[in-house]
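The points below are grouped by topic and may be read alongside the sequence and the model.

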Amino acid sequence: MHILIDGGSTHNFLQQELVTKLSLRPQSTLTLRVTVGNGEELQCNQTCHEVVVHIQSHTFLVDFYVLPICGADVVLEY
């Protein structure tokens, strides 16, 4: 899994393909418009709440927006 820790991000994002692989159950939400690094605007209308994330010996519950991102599977806000 490729994780991007992004100091400029305002939210956490998860690739749709990973949602399927992990059998997560996304919920519908109001549309969020996201401008990505190349200037393109993507729309998100699903979230996954309290996803368990293990990084080294730490466990976190993280809320994610589901977004068709490329390059990284997960974007974590910093």
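Predicted model: local features only at pLDDT ≥ 70, side-chain atom pairs only at ≥ 80, totals over all residues.

Strand β3 makes the largest contribution to the lining of the largest pocket, with 4 residues.

**The largest pocket**

- The volume of the largest pocket is about 370 Å³.
- Two elements, β1 (3–6) and β3 (27–35), each give two or more residues to the lining of this pocket.
- In total, 23 residues line the largest pocket. Those nearest its centre are Thr 35, Val 36, Gly 37, Ile 69 and Val 75.
- Sorted by class, the lining of the largest pocket comprises 12 nonpolar, 8 polar and 3 charged residues.

**The second largest pocket**

- The second largest pocket holds about 170 Å³ of space.
- Its lining includes Met 1, Ile 3, Leu 14, Leu 18 and Leu 22. Val 51, Val 52, Val 53 and His 54 also belong to the lining of the second largest pocket, as do Phe 64, Val 74 and Leu 76.
- At least two lining residues come from each of β4 (41–55) and β6.
- Strand β4 gives the largest share of the lining of the second largest pocket, namely 4 residues.
- The lining of the second largest pocket consists of 11 nonpolar residues and 1 polar residue, with no charged residues.

**Salt bridges**

- Side chains of opposite charge can pair when their charged atoms come close.
- How many salt bridges does the structure hold? There are 2 salt bridges in the structure.
- One of them joins the side chains of Lys 21 and Glu 17, with a distance of 3.3 Å from N to O.
- Lys 21 and Glu 17 both lie in helix α1 (residues 16–21), and because they are 4 residues apart there, about one helical turn separates them. Both residues are exposed.
- A salt bridge also links Arg 33 and Glu 41, whose closest N and O atoms are 3.7 Å apart.
- Arg 33 has a relative accessibility of 56% and therefore counts as exposed. Glu 41, at 44% relative accessibility, counts as partly exposed.

**A nonpolar patch on the surface**

- Met 1, Ile 3, Ile 5, Leu 22 and Tyr 78 form a nonpolar patch on the surface. Together, these residues have about 620 Å² of accessible area.

**Residues with a positive phi**

- Most residues other than glycine have a negative phi.
- Where is Ser 23 found? Ser 23 is part of the loop between α1 and β3.
- With a relative accessible area of 61%, Ser 23 is exposed.
- Gln 56 is likewise not a glycine, and its phi is positive at about 55°.
- Gln 56 has its place in the loop between β4 and β5 (58–66).
- The relative accessible area of Gln 56 is 79%, so Gln 56 is exposed.

- Cys 44 is located in strand β4.
- Is Cys 44 buried or exposed? Cys 44 counts as buried, because its relative accessibility is 1% and buried residues are those under 20%.
- Along the chain, Cys 44 and Thr 31 are 13 residues apart, and their C-alpha atoms are separated by 5.5 Å.
- Thr 29 lies in strand β3.
- Thr 29 is partly exposed, with a relative accessible area of 31%.
- Thr 29 and Val 51 are 22 residues apart along the chain, and 16 Å separates their C-alpha atoms.

Conventions. Residues numbered from 1 in each chain as written. Heavy atoms only, no water. Patch = residues over 30% accessible without salt bridge, like charges linked within 9 Å, V, L, I, M, F, W, Y side chains within 5 Å. Areas by Shrake-Rupley, 256 points an atom, 1.4 Å probe, with all protein chains shown as cover. Salt bridge = Lys/Arg side-chain N within 4 Å of Asp/Glu carboxyl O. 1 Å grid on protein atoms, 1.4 Å probe; cavity = no way out; pocket = protein on both sides within 12 Å on 5 of 7 lines; lining within 4 Å. Points joined across faces, edges and corners; volume = space filled by probe spheres on them. Nonpolar A, V, L, I, M, F, W, Y, C, P; charged D, E, K, R; others polar. Buried < 20%, exposed > 50% of the residue type's maximum accessible area, 1.4 Å probe, protein only.
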